[in-house]
Amino acid sequence: MTNIVIVDAVRTPIGKRGGGLSTMHPGEVLGTVQKAIIERSGIDPTEVGQVVGGCVSQVGEQAFNITRTAWLAAGLPLTTAATTVDTQCGSSQQATNLATALIGSGVVDVAIACGV
């Protein structure tokens, strides 16, 4: 049996309408978190086999696979696959479930789950 563990967790500050984060592109905010988890965990970013991100509203600035947009905007490897899922209020939880399943099934050794 494969043991799957969550190594670390990072989040942004909680924002409010018109607050300090309101002028940032969602990809920039998510990319900051993705880069921070790489730095904090000390893992080589090329070891990440898949990034799975949850996003409830994939429109406007969050369209076109925001998870991959954020990953690349953060300067992380072009070779890493990234997918965005939308299951409404459970999007980030679904991203965690999918990342866990990818590791558990042996498809990847390292995955990152995130949400925006």
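Residues are numbered from 1 along each chain as its sequence is written, and side-chain values use heavy atoms, with hydrogens and water left out. Because the model is predicted, local features need pLDDT of at least 70 and side-chain atom pairs count only at pLDDT 80 or more, whereas totals for chains, interfaces and linings use all residues.

The sheet is open and consists of 3 strands in the order β2-β1-β3, with parallel pairing; strands (E, at least two residues) and helices (H or I, at least four) are DSSP runs numbered from the N terminus, and two strands pair if DSSP finds at least two bridges between them. Strands β2 (81–85) and β3 (111–115) form the edges, each pairing on one side only, and the twist from one strand to the next averages 20°. Between β1 (residues 50–54) and β2, the parallel pairing extends over 5 bridges, and Gln50 has Ala81 in β2 as its bridge partner.

Both helices are placed against these strands. Helix α1 lies across β1 and β3 and runs at about 145° to β3, while α2 packs on the sheet, touching β1, β2 and β3, with its direction at about 140° to that of β2. Angles here run from 0 to 180 degrees between N-to-C directions, and axes are lines fitted to C-alpha atoms, for helices over the stretch in contact.

The two helices also pack on each other: α1 (residues 26–41) and α2 (residues 66–73) meet at an angle of about 65°, with their axes 7 Å apart. Their crossing is right-handed, that is, the near helix is turned clockwise from the far one by less than a right angle. On the α1 side, the residues in contact (heavy atoms within 4.5 Å) are Pro26, Gly27, Leu30, Gly31, Gln34 and Ile38, which meet Ile66, Thr67, Ala70 and Trp71 in α2. These residues divide into 6 nonpolar, 4 polar and no charged, where Ala, Val, Leu, Ile, Met, Phe, Trp, Tyr, Cys and Pro count as nonpolar, Asp, Glu, Lys and Arg as charged, and the others, Gly among them, as polar.

With a salt bridge taken as a side-chain nitrogen of Lys or Arg within 4 Å of a carboxyl oxygen of Asp or Glu, the count comes to 1 salt bridge. Arg40 pairs in this way with Asp8, the closest N and O atoms being 2.8 Å apart. The pair links distant parts of the chain, since Arg40 is in helix α1 and Asp8 in the segment before α1, 32 residues apart. Arg40 is exposed, with a relative accessible area of 52%, and Asp8 is partly exposed at 27%; exposed means over 50%, buried under 20% and partly exposed in between (1.4 Å probe, protein chains only).
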